[in-house]
Amino acid sequence: MSLLRRIERGGTGNSGGTGNISGGGQGNDPANRPGSEASGGADAEGSKLAEMRLKRQALTDQRPGAKSNNYFDLKSRVQNKLLAELDHQSMDVKRVNEVRAHIEELFNAILADESIVISRAERMNLFEAIVAEILGFGPLETLLSDESITEIMVNGPKNVFIEQKGLITRAPVTFENDEHVLRILDRIVAPLGRRIDESSPLVDARLPDGSRVNAVIRPIALVGPTITIRKFSKKPLTIDDLIRFGSMTKEISEFLRSCIVSRLNVVVAGGTGSGKTTLLNVLSGFIPNNERIVTIENAAELQLRQEHVVTLETRPPNLEGKGQITIQDLVVNSLRMRPDRIVVGECRGGEALDMLQAMNTGHDGSLTTCHSNTPRDTISRLEVMCLMAGVDLPVRAIREQIASAVDMICQQNRLRDGSRKIEKITEVQGMEGEIITMSDIFEFEQTGIEGGKIIGRIRPTGLRPKFIERIEAAGIHLPPSVFGVGRNY
């Protein structure tokens with residue numbers, strides 16, 4: 001028996017004909033194998049069909065436009081050639097239009113050299129994807145340019161989700177692998193002088209347009225590099241936009257404007273993604289243009305339009321674990337900068353005590369945000385954060401500081417249908433015994449659900465705040481109808 005026949009027979013015996021090395025030649029013909037029966041012939045025919053399907057699939061996968069891993073192979077090959085060509089030429093990457101035109105010229109030349117034939121649409125998609133890899137943020141570029149997207153969530157290379165109109169859905173983009181995500185992430189954090197690696201697997205950063213970025217990588221994130229981007233509108237939202245969205249009414253906007261102008265201390269409270277920073281941005285816009293404003297944030301997000309604004313940002317520790325600048329450090333330092341207003345992006349620790357002291361020592365009209373579910377929870381959170389400052393103070397002393405410093409709590413909430421609304425506006429009135437007393441000035445009243453949308457209105461409770469005298473002292477006279485007097489609800 002020939003060696004070829006023995007190999008064929010061995011392959012057939014081991015895998016039923018599907019693993020033949022001969023690939024469907026004469027060795028698979030039942031007539032050439034003595035003693036084979038009809039069943040053996042059927043197996044051989046099945047083997048031939050299976051091999052033909054595999055060959056057809058292989059030919060299909062070799063097409064440049066195929067939506068498979070070969071698309072990424074083609075993209076990587078062309079991209080690497082482009083990078084090799086660009087490395088030999090001195091080009092100013094900041095001149096985007098010139099670099100883009102040069103990339104397009106090289107791109108067309110590479111496709112022509114390799115005789116790659118793809119449709120016009122596929123060519124454009126491939127070109128834009130490569131330009132995004134070289135000049136932008138890769139697969140995130142299309143999501144960042146879509147203004148209807150408010151949040152981008154990357155859970156590893158293959159799971160990307162977005163938030164649109166308050167609802168979370170899967171995005172039609174993916175990364176190649178973990179290394180691909182890390183390359184894009186490094187492009188985000190490197191210009192800010194920050195780093196992310198195994199020794200420091202957490203980072204807070206921002207995009208050039210001010211969008212907030214949080215990233216977590218292995219070994220902390222088990223699913224792979226995880227990125228959360230809170231996008232901000234290229235055109236900052238105004239009070240009129242919030243009225244149009246139904247987040248507040250015109251009467252409430254007039255009331256909030258008068259509170260800011262009359263230098264009341266306001267805390268904007270709410271859960272994650274409830275719109276606290278957006279509301280804080282809008283309220284900051286009411287500050288008169290002739291006042292000196294100092295903003296303090298972990299990652300600069302506020303977009304104040306006044307002329308006299310000083311923006312401060314925290315700094316993480318270096319490789320040696322030194323040089324960290326916290327929000328608490330910045331709040332203490334800001335008191336020496338002669339501020340008329342202090343705006344803290346978010347109180348989440350011991351800086352709350354320094355913030356309260358600033359509010360109590362002549363820096364009226366200060367603003368900050370806090371994570372909490374209700375105005376009463378906001379008071380409790382402020383107490384806990386003051387205790388985190390490491391100062392041994394009795395609880396009553398802390399509560400007196402809060403009652404004296406905070407004039408109003410504006411509670412923002414994200415409802416079940418994804419809409420964001422002001423749920424309550426509450427006045428902090430003072431102390432009665434050991435308890436801080438508060439009263440609701442406005443509250444959201446839900447009246448029903450229609451087509452999955454929550455129907456309701458923000459109405460006044462009929463109570464006039466005690467700080468109305470301070471508003472009138474500032475020369476602002478609000479009509480009684482703002483507080484529900486003479487109106488039917």
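## Model and overall make-up

The model is predicted, with local features requiring pLDDT of at least 70 and side-chain atom pairs counted only at pLDDT 80 or more, while totals for chains, interfaces and linings use all residues. Residues are numbered from 1 along each chain as its sequence is written, and side-chain values use heavy atoms, leaving out hydrogens and water.

The protein's secondary structure amounts to 15 helices and 15 strands; these are DSSP runs numbered from the N terminus, with helices being H or I of at least four residues and strands E of at least two. Of its 489 residues, 44% are buried (under 20% relative accessible area with a 1.4 Å probe and protein chains only; exposed is over 50%, partly exposed in between). Among contacts with a separation of 6 or more, 54% link residues 24 or more positions apart (a contact means heavy atoms within 4.5 Å).

Let's start with strand β8 (residues 293–297): 5 of its 5 residues are buried, so the strand is largely enclosed by the rest of the structure. Ile293, Thr295 and Glu297 point one way, and Val294 and Ile296 the other.

Strand β8 has parallel pairings with two strands, β10 and β9 (pairing takes at least two DSSP bridges between the strands). With β10 (residues 341–344) there are 4 bridges, and Ile293 has Arg341 as its bridge partner there. With β9 (residues 309–313) there are 5 bridges, and Glu297 sits opposite Glu313.

## The β14–β15 hairpin

Strands β14 and β15 (residues 453–460) run antiparallel and are joined by 8 bridges. Gln446 lies opposite Gly456 of β15. The two strands make a hairpin with 2 residues between them, and Gly451 in the turn has a positive phi of about 60°.

## Nonpolar cores and helix packing

In soluble globular proteins, nonpolar side chains tend to be buried together. Here the largest nonpolar core has 38 residues, of which Phe255, Leu256, Leu283, Ile422 and Ile425 touch the most other members (a core is a set of buried Ala, Val, Leu, Ile, Met, Phe, Trp, Tyr and Cys residues joined through side-chain atoms within 4.5 Å). Helix α9 (residues 250–261) gives the largest share of this core, 5 residues. A second, separate core of 32 residues includes Val310, Met337, Leu382 and Ile398.

Beyond its neighbours within four places in sequence, Ile422 has contacts that include Ile252, Leu256, Phe444 and Ile458. Ser258 is also part of helix α9; at 2% relative accessibility, Ser258 counts as buried. Leaving out residues up to four places away in sequence, Ser258 touches Ile471, Ile476 and Leu478. In helix α14 (residues 395–405), Ile398, Ile402, Ala403 and Ala405 are buried, and the buried residues of α14 pack against α12, α13 (375–387), β13 (420–432) and β14 (435–450).

## The cavity

A search of the whole structure turns up 1 cavity of 30 Å³ or more, and the largest cavity has a volume of about 40 Å³. A cavity is a set of points on a 1 Å grid over the protein atoms alone where a 1.4 Å probe fits but cannot get out, and its lining residues have an atom within 4 Å of a point. Grid points are joined across faces, edges and corners, and the volume is the space filled by probe spheres set on them.

The lining includes Val267, Cys347, Thr368, Leu382 and Val406. Helix α12 (residues 351–359) supplies the largest share, 4 residues.

How values were computed: 1 Å grid on protein atoms, 1.4 Å probe; cavity = no way out; pocket = protein on both sides within 12 Å on 5 of 7 lines; lining within 4 Å.
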